[in-house]
Structure formats: C-alpha cells, structure tokens
Amino acid sequence: MENMKFTKSQKKKLRELAGIANKRELDREMEKLYQHFENWRSGKVSCFELIDLIHTFHQGTSREIWKIYAYSDPDTAVSRPVALGLLKKEEIPKDLLDILDSKIGFFTDPD
C-alpha cells in the first residue's frame with residue numbers, strides 16, 4: 001500500500017486511535033496470561049511453568065504487539081485493529097474512515 005498523506009489533525013487522531021488499539025490488544029493478550037495465573041493458583045501449573053509462560057509472553061507476544069504499533073504506518077496501526085475488531089468503525093472520524101476503508105478491507109479479505 002502506498003503511504004498516504006494526512007493532515008496534522010488526522011495524524012494526531014491516528015496516533016490516538018493506535019494507542020487505544022495497542023492497549024486493547026495488550027489487554028486481550030493479558031487476559032490469556034491471566035488464565036495461566038489462575039491455573040497456577042489452582043495448582044494446574046507449577047510456579048516454574050508460570051514463569052516460563054510469563055517469559056514467553058514478554059519475549060514474544062508483548063514484543064510483537066509493540067513492534068506492530070511502533071513500526072507500522074499510522075494508517076496500518078489503525079486499519080489492522082479495525083479489521084481485528086479491536087477498534088469499531090464508529091470510533092473513527094468519517095474523514096479518516098473514508099481514507100482507511102480500503103486498507104481495512106486489505107486486512108479482512110482472505111485473498
């Protein structure tokens with residue numbers, strides 16, 4: 001996809017939306033990690049297994065999410081989370097949504 005030109009206010013809004021999406025994606029993954037804590041508490045996994053799961057989360061999942069939002073173009077950092085259901089189209093101003101719509105489709109189309 002080509003790099004798009006955005007106004008200063010649109011860039012600011014994209015950064016804001018990307019920050020919201022980043023938090024939501026981390027929250028979603030933290031819920032999964034939390035389940036491992038529950039399993040540890042109930043004796044289903046050992047403290048050593050839990051430490052490994054935390055390490056794997058920190059070195060893998062959380063870093064991957066960080067890279068997505070740190071290195072993506074602003075339009076990608078918002079379009080991808082819309083396609084994943086982390087952001088709702090209603091949260092995006094119409095002028096931006098009109099611009100992002102095809103890129104959102106790129107992330108949702110299986111082809």
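Visitor: In which helix does Ser79 lie, and how are helices assigned here?
Guide: Helices and strands are DSSP runs (H or I of at least four residues for helices, E of at least two for strands), numbered from the N terminus. Ser79 belongs to helix α3, which covers residues 74–84. This is a predicted model, in which local features need pLDDT of at least 70 and side-chain atom pairs count only at pLDDT 80 or more, while totals for chains, interfaces and linings use all residues. Residues are numbered from 1 along each chain as its sequence is written, and side-chain values use heavy atoms, with hydrogens and water left out.

Visitor: Is Ser79 buried or exposed?
Guide: The classes rest on relative accessible area: buried is under 20%, exposed is over 50%, and partly exposed is in between (1.4 Å probe, protein chains only). Ser79 has a relative accessible area of 0%, so Ser79 is buried.

Visitor: Which residues is Ser79 in contact with, leaving aside its neighbours within four places in sequence?
Guide: Contact means heavy atoms within 4.5 Å. With those neighbours left out, Ser79 touches Leu100, Lys103, Ile104 and Phe107.

Visitor: Where do the buried residues of α1 pack?
Guide: Those residues are Gln10, Leu14, Leu17, Ala18, Ala21, Asn22, Glu25, Glu29 and Leu33. They pack against α2, α3 and α4.

Visitor: How far apart are Ile20 and Pro81 in sequence and in space?
Guide: Ile20 and Pro81 are separated by 61 residues in sequence, and their C-alpha atoms are 9.6 Å apart in space. Ile20 lies in helix α1. Its relative accessibility is 29%, so Ile20 counts as partly exposed.

Visitor: How many salt bridges are there?
Guide: Side chains of opposite charge can pair when their charged atoms come close. The rule asks for a side-chain nitrogen of Lys or Arg within 4 Å of a carboxyl oxygen of Asp or Glu. By this rule there are eleven salt bridges.

Visitor: Which residues are linked in a network of salt bridges?
Guide: The network links Glu25, Arg28, Glu29, Lys32 and Arg80. Within it, the side chains of Lys32 and Glu29 form a salt bridge at 3.1 Å, N to O. Both residues lie in helix α1 (residues 8–41), three residues apart, or about one turn of the helix. Lys32 is partly exposed at 47% relative accessibility, whereas Glu29 is buried at 13%.

Visitor: What is the spacing of Glu64 and Lys67 in helix α2?
Guide: Glu64 and Lys67 are three residues apart in α2 (residues 47–71), so about one helical turn separates them. Their side chains meet in a salt bridge of 3.0 Å, N to O. Glu64 is partly exposed at 42%, and Lys67 is partly exposed at 37%.

Visitor: How many residues apart are Asp98 and Lys94?
Guide: In helix α4 (residues 94–108), Asp98 and Lys94 are four residues apart, about one turn of the helix. Their side chains form a salt bridge of 3.0 Å, N to O. Asp98 counts as partly exposed at 49%, while Lys94 is exposed at 61%.

Visitor: Which residues make the nonpolar surface patch?
Guide: Patches are made of residues with over 30% relative accessible area and no salt bridge; like charges are joined within 9 Å, and nonpolar side chains (Val, Leu, Ile, Met, Phe, Trp, Tyr) within 5 Å. Areas come from the Shrake-Rupley method with a 1.4 Å probe, and for residues only the protein chains shown count as cover. Here Tyr34, Phe37 and Trp40 make a nonpolar patch of about 290 Å². Trp40 is found in helix α1 and is partly exposed at 34% relative accessibility.

Visitor: How many aromatic pairs does the structure hold?
Guide: Rings of Phe, Tyr and Trp (its six-membered ring) pair if their centres lie within 6.5 Å; planes under 30 degrees apart count as stacked, over 60 as edge-to-face and the rest as tilted. The structure holds two such pairs. Trp66 and Tyr71 form an edge-to-face pair, 5.6 Å centre to centre with 85 degrees between the planes. Trp66 is partly exposed at 48%, and Tyr71 is exposed at 61%. Phe106 and Phe107 have ring centres 5.3 Å apart and planes at 80 degrees, so this pair is edge-to-face. Phe106 counts as exposed at 52%, while Phe107 is partly exposed at 32%.
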